[in-house]
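Here are my notes for someone opening this one for the first time. Have a look at the model, then walk through the points below.

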Amino acid sequence: MDLSNYSNGQSRVIIEHVSPEIESGRYAVKAIIGDSIKVTADIFTDGHDHLSAFLKYKKNGDETWQEVRMQPTFNDNYEGSFLVDSIGYYSYTIEAFIDHGDTWLHEILLKIKDGQYVDVELLIGADLLEKMIADGADIKTIKSLKKLFSEKSEYKRAVEFVESDEMRSLVQNYPHRQYTSTYRELKLWVDRKKAGFSAWYSMFPRSAASAPNSHGTFEDVTKNVLPKVKKMGFDVLYIPPIHPIGKAFRKGKNNNVNCTDDEPGVPYAIGSELGGHTAIHSELGTLDDFKKMIQSFETEGIEVAMDLAIQCSPDHPWAQQHPYWFKIRPDGTIQYAENPPKKYQDIYPLNYETEKWRELWLELKHVVFTWAEWGIRIIRVDNPHTKSFQFWEWIIEETHKVYPDMIFLSEAFTRPRVMENLAKVGFTQSYTYYTWRNSKAEIIEYLNILTQLETSSYFRPNFWPNTHDILPHCLQSGSEPMYLIRYFMAATMSGNYGIFGPVFENMVSEPMPGKEEYLNSEKYEIAHWNWESNNKLIELISKVNKARNENKALQQTNTIQFCTIENDNLLAYFKTDKEQNHLLAIVNLDANCTQSGWVKVPVHLAGIGFDQEYKVTDLISGNEYIWKDEMNFVELNPTYMPVHLFKI
């Protein structure tokens with residue numbers, strides 16, 4: 001093999017299996033501002049020489065690298081950590097080298113302990129001391145020590161110094177970096193806090209009116225919805241599209257192809273002669289009304305999230321002005337959306353293979369930037385898996401250059417690799433399969449996939465027990481305990497979660513026959529809700545959101561640990577954080593029967609001795625208990641309350 005293939009044949013250290021790293025650095029790892037980024041790697045060399053490794057990092061735009069020494073753990077594995085304190089990109093890498101100073105000190109100490117005469121070793125040490133000057137050590141101190149090591153008359157003093165803590169400090173603080181091995185530069189994207197901790201409430205603004213049979217407005221949302229959302233403790237209001245709705249092939253109640261003149265249409269059939277994705281549906285109000293609504297919610301600490309549905313009604317201006325952005329059929333008509341045998345004549349999907357793709361991308365960027373100018377910093381994206389991955393990577397990157405605080409939620413219920421790739425290319429949060437994970441084994445397996453594997457470094461889950469599109473089978477019975485169970489797990493397992501609000505909190509459960517869809521769905525009609533209603537579920541939501549805000553252990557996802565409890569109908573999990581906040585959640589998965597069992601509490605993680613008594617307080621009921629040791633008895637009657645949330 002040609003020697004030109006070796007850039008530095010004197011570098012002997014191997015660095016591999018770096019974590020976190022996504023596809024050899026192709027994609028950025030995700031973090032939240034304030035996180036400690038733990039980096040591990042297998043680092044080794046030939047022979048018995050000692051090595052040193054440093055984790056190097058810097059913010060995007062900084063010229064100088066900061067670094068921390070990595071520590072060996074086991075089997076040639078090293079780890080190091082650094083804190084991220086600002087939103088945006090960071091770079092990190094690992095530098096490792098043979099540490100001749102540490103090797104020398106280790107060997108000479110063994111020889112001294114064995115009683116050997118080490119005059120030559122001291123001369124070798126003197127040469128190593130000289131190199132420390134170049135690495136920043138005090139010249140006067142090093143010159144003095146070099147003289148000490150070189151004079152035979154000072155042999156005893158020299159040996160004593162070699163055995164001192166000062167010698168150890170010099171070797172540790174001034175390692176001579178020669179023939180270094182440097183790993184490839186990796187990327188890290190740091191998001192704001194809400195990217196990792198948020199509670200979403202979804203509703204249709206047109207259903208916010210006080211009076212029945214009325215079209216709601218932005219003013220109604222502020223008047224009726226804001227007080228309820230605030231009281232329940234949500235911090236994101238997510239609204240489906242608020243743009244003009246097309247009339248061509250408009251769908252009626254329950255997706256009926258026959259639509260009467262007085263039916264409002266589907267908000268996802270975007271666009272009319274009044275405008276498209278940057279226009280406002282006139283019955284909701286004006287753009288100024290919308291901005292006022294945003295401001296009213298922000299004043300109460302609640303952000304408004306808009307829905308980016310990249311599709312058009314046949315009446316959308318793009319269909320008239322840019323037909324080449326769509327697929328043109330042989331008869332000259334535009335291809336409408338299909339999922340054979342289903343047809344959706346009221347929607348035109350865009351064609352990402354169009355020759356005018358650059359023009360299309362720029363127009364969609366204009367839409368996102370227009371919303372950002374309105375004050376929007378959270379975007380839920382409808383069906384992103386049916387659009388180009390390259391487009392998403394580009395537009396998210398372009399948006400973050402100007403609006404680094406923008407959050408993108410991927411609403412992709414599809415194949416695992418597709419969902420994961422959307423997260424890799426930049427989506428901040430992702431919908432998940434939680435909606436369909438019901439048994440104890442399924443839940444544990446799925447959460448371990450999300451939190452213990454490589455996916456945890458880029459796939460940030462957002463748990464939804466229902467959506468405006470999906471009424472899962474487990475909720476179709478209308479069982480109050482089941483609604484309590486599914487809500488509680490979503491809100492306490494994941495740092496991010498959401499509900500389709502009024503439908504969920506009122507436990508609406510009648511499905512379309514044979515489907516996981518709502519009968520009389522708000523997608524096709526205007527609903528009327530009592531925004532002042534209250535029930536056990538709403539009370540639980542309020543208590544859990546309060547607990548989430550007051551306990552940092554619930555403000556993250558990846559720290560979850562499942563606990564042994566010998567009953568397949570009982571699920572127990574422990575969550576903690578770096579500030580010693582410890583919570584234990586226990587769920588009765590059986591919505592019909594009382595279940596009991598002995599839970600094994602990981603007391604060592606809470607700093608509790610095995611024979612020590614400790615108090616646990618249920619943040620739902622307020623009840624307090626004195627427990628001892630690991631094994632403790634629990635019993636949950638689903639009719640009363642099927643969950644415990646213990647603060648230890």
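1. Start with the open sheet: four strands in the order β1-β3-β7-β6, paired antiparallel. Because β1 (14-19) and β6 (71-72) stand at the edges with a single partner strand each, one side of each has no neighbour in the sheet. Strands here are DSSP runs of E, at least two residues long, helices are runs of H or I of at least four residues, and both are numbered from the N terminus. Two strands count as paired if DSSP finds at least two bridges between them.

2. Before going on, bear in mind that this is a predicted model: local features need pLDDT of at least 70 and side-chain atom pairs count only at pLDDT 80 or more, while totals for chains, interfaces and linings use all residues. Residues are numbered from 1 along each chain as its sequence is written, and side-chain values use heavy atoms, with hydrogens and water left out.

3. Four bridges join β1 to β3 (residues 36-44), and the two run antiparallel. If you want a pair to click on, isoleucine 15 stands opposite isoleucine 43 in β3.

4. What sits in the loop between β1 and β2 (29-32)? Proline 20 does, and the peptide bond joining serine 19 to proline 20 is cis, with omega about 5 degrees. Glutamate 23 has its place in the loop between β1 and β2 as well. Its phi is near 50 degrees, a positive value in a residue other than glycine.

5. There is another cis bond to look at, from proline 340 to proline 341, with omega near 10 degrees. Proline 341 is in the loop between β15 (337-339) and β16 (342-344).

6. Now the barrel. Eight strands close up in the order β11-β12-β13-β18-β19-β20-β21-β22, with parallel pairing. On average, neighbouring strands of this sheet are turned by 30 degrees against each other, direction ignored. One join to inspect is β13 (residues 303-308) with β18 (residues 378-382): they run parallel and share four bridges. Alanine 305 has isoleucine 378 in β18 as its bridge partner.

7. How do α1 and α2 cross? Their axes come within 11 Å and cross at roughly 160 degrees. That makes α1 roughly antiparallel to α2, since angles over 145 degrees get that label, those under 35 count as roughly parallel, 65 to 115 as roughly perpendicular, and the rest as oblique. The axes are lines fitted to C-alpha atoms, for helices over the stretch in contact, and angles run from 0 to 180 degrees between N-to-C directions. The crossing is left-handed, meaning that the near helix is turned anticlockwise from the far one by less than a right angle; clockwise would be right-handed.

8. Then take α13 (residues 480-493) and α15 (residues 536-550), which pack at about 15 degrees with their axes 10 Å apart. These two helices are therefore roughly parallel to each other. α13 passes α15 in a right-handed crossing.

9. Last, the holes: there are two cavities of 30 Å³ or more. A cavity is a set of points, on a 1 Å grid over the protein atoms alone, where a 1.4 Å probe fits but cannot get out, and lining residues have an atom within 4 Å of a point. Volume is the space filled by probe spheres set on the points, with grid points joined across faces, edges and corners. The largest cavity has about 80 Å³, and its lining includes Phe204, Arg206, His215, Ile242 and Leu284. That lining divides into eight nonpolar, three polar and one charged, where Ala, Val, Leu, Ile, Met, Phe, Trp, Tyr, Cys and Pro count as nonpolar, Asp, Glu, Lys and Arg as charged, and the others, Gly among them, as polar.

10. The second largest cavity holds about 70 Å³, and among the residues lining it are Asp99, His100, Lys131 and Tyr174. The elements giving two or more residues to this lining are α1 (100-113) and α2 (119-134). α2 gives the most, with three residues. By type, the lining of the second largest cavity splits into five nonpolar, three polar and two charged.

Key
On a 1 Å grid over the protein atoms alone, a cavity is a set of points where a 1.4 Å probe fits but cannot get out, and a pocket is an open set with protein on both sides within 12 Å along at least five of seven lines; lining residues have an atom within 4 Å of a point.
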